[in-house]
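Please open the structure in your viewer and keep the selection panel at hand.

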Amino acid sequence: MIHQPIRKRFKLPKQRKTTWNEIFNNPKDILIDTFETGTILFSNKYMLNLSHPYAKELNEEELQVPVFSHLITHKTYGHFLIDSGLDRSFQNDVYGNIEGKNKEILWPLKSYQEPNQDIASLLLDMNINLKGIFLTHLHIDHVAGIQDLPKDIQVIIGKDEPFHFFGKNLYQDHFKGRESIHEIDFSQAHQIPPLESCINLFGDGSLWALFTPGHTKSHVSYLVNGKKQVMLLTGDACDIKLGFERCVGPGLGCFNVKGAQETLEKIKHFSDQFPNIKLCFGHEKID
Ligand SMILES: [Zn+2]
């Protein structure tokens, strides 16, 4: 059985019209730390749409890339994660505890993790009391680590993001023991050009959810507006730096390749307009 939690609405603070200039002029006491919870080895054709004209001279090759989990520390609201990375079952097996008769075909990735590299162990070491976790999307490499996190924390995703992509042919029962999940409803969002639906998650302008569909149906990117640094976590709206530089969106395995390309173009436009924003791609961090 694949457990599916009840979908509830994530209660949003009051949203109001604003601009990125106004937001960046009022940074907040919020910090972000990025952890590598392991690596995945797979073909670049999933990370880059190799049929795009801008990808013309790129060849198919295998790449080994990190799998992130980000810890957010907000002075008032406490600790939250953005994505959970790989769970500790990947320490023993490149498919971890993924189930399904066609898993090797439908999940053509090998995952690797060292002992104590999973986010649950890292949080325990740091004595962190987590309030919740925001997810970019529900692909295994972003949600797997949730299995070992406390069951009473709030789990937040984009509205209507599918729980599983191939049913019983490929799944990981990562929501086992969780009663509910909270969905961000972007129909209540304001547009803040050049991005479309943007949600002020805490209401104080410190953390933003950006609707970035294409890689999956309801993919979400996050922007941390901190006094120390402003960082855009693209999630898999852009997997690696090369895709961003060439403006080539994610490839095979996307819900909608064309939509994913349009999303990347908007993110690129945003980054060009605000070059001081640090970028962290789904599977590559820029220092
Ligand atoms: Zn990913």
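In which sense do β7 and strand β8 pair, and over how many bridges? Select residues 154-158 for β7 and residues 180-184 for β8. The two strands pair in the parallel sense, over three bridges. Within this pair, G158 has I184 in β8 as its bridge partner. Please bear in mind throughout that the model is predicted.

**The whole chain**

Now display the entire chain. Its secondary structure comes to six helices and 15 strands. The radius of gyration is 18 Å, close to the 19 Å that the globule rule gives for 287 residues, so the chain is as compact as a globular protein of that length. Taken along the principal axes, the C-alpha atoms fill a box of roughly 50 × 50 × 35 Å. Of the 287 residues, 42% are buried. Consider also the contacts between residues at least 6 apart in sequence: 70% of them join residues at least 24 apart.

**The sheet of eight strands**

Next, select the strands β1-β8-β7-β6-β4-β3-β2-β5, given here in their order across an open sheet of mixed pairing. At its edges are β1 (6-9) and β5 (110-112), each of which pairs on one side only. From one strand to the next, the twist averages 30°.

Select R9 and E183 together: R9 stands opposite E183 in β8.

Strands β6 and β7 pair in the parallel sense over three bridges. Here F134 has I156 in β7 as its bridge partner.

**A stop at G132**

Return to strand β6 and select G132, which is found there. Is G132 buried, exposed or partly exposed? A residue counts as buried if 20 or more other C-beta atoms lie within 10 Å of its own, and as exposed if 12 or fewer do. G132 has 18 other C-beta atoms within 10 Å, so this residue is partly exposed.

G132 and Q154 are 22 residues apart in sequence, and their C-alpha atoms are 4.4 Å apart in space. Not counting residues up to four places away in sequence, G132 touches F80, I153, Q154, V155 and I156.

**The helix α3 across the sheet**

Select residues 119-126, which form helix α3. The helix lies across β2, β3, β4 and β6, and runs at about 150° to β2.

Which residues of α3 are buried? They are I119, A120 and L123. These residues cover an arc of only 100° around the axis, which puts them on the same side of α3. An α-helix has 3.6 residues a turn, so residues three or four places apart point the same way. On the other side of α3, L124 and D125 are exposed.

To see what covers the buried residues of α3, show β2 (30-43), β3 (62-74), β4 (78-82) and β6 (130-134), which are included in that cover. Then select N127, which follows α3 and has a positive phi, near 60°.

**The sheet of seven strands**

Select the strands β9-β10-β11-β12-β13-β14-β15, which form an open sheet in that order, with mixed pairing. The edges are held by β9 (190-192) and β15 (284-285); each has a single partner strand, so one side of each is left without a neighbour in the sheet.

Zoom in on strand β14, residues 278-281. Two bridges join β14 to β15, and the two strands run antiparallel. Here C280 stands opposite K285 in β15.

**The nonpolar core**

For the last stop, select I133, W208, A209, L210, Y222 and V224. These are the residues with the most contacts inside the largest nonpolar core, which has 60 residues.

Keep A209 and ask: with which residues is A209 in contact, leaving aside its neighbours within four places in sequence? They are I184, I199, L201, V220 and Y222.

Notes
Residues numbered from 1 in each chain as written. Predicted model: local features only at pLDDT ≥ 70, side-chain atom pairs only at ≥ 80, totals over all residues. Helix = DSSP H or I, 4+ residues; strand = E, 2+ residues; numbered from the N terminus. Arc of directions from axis to C-beta. Contact = placed C-beta atoms within 7 Å. Core = buried A, V, L, I, M, F, W, Y, C linked by C-beta atoms within 7 Å. Rg over C-alpha atoms; globule rule 2.2 N^0.38 Å. Pairing = 2+ DSSP bridges. Axes fitted to C-alpha atoms, helices over the stretch in contact; angles between N-to-C directions.
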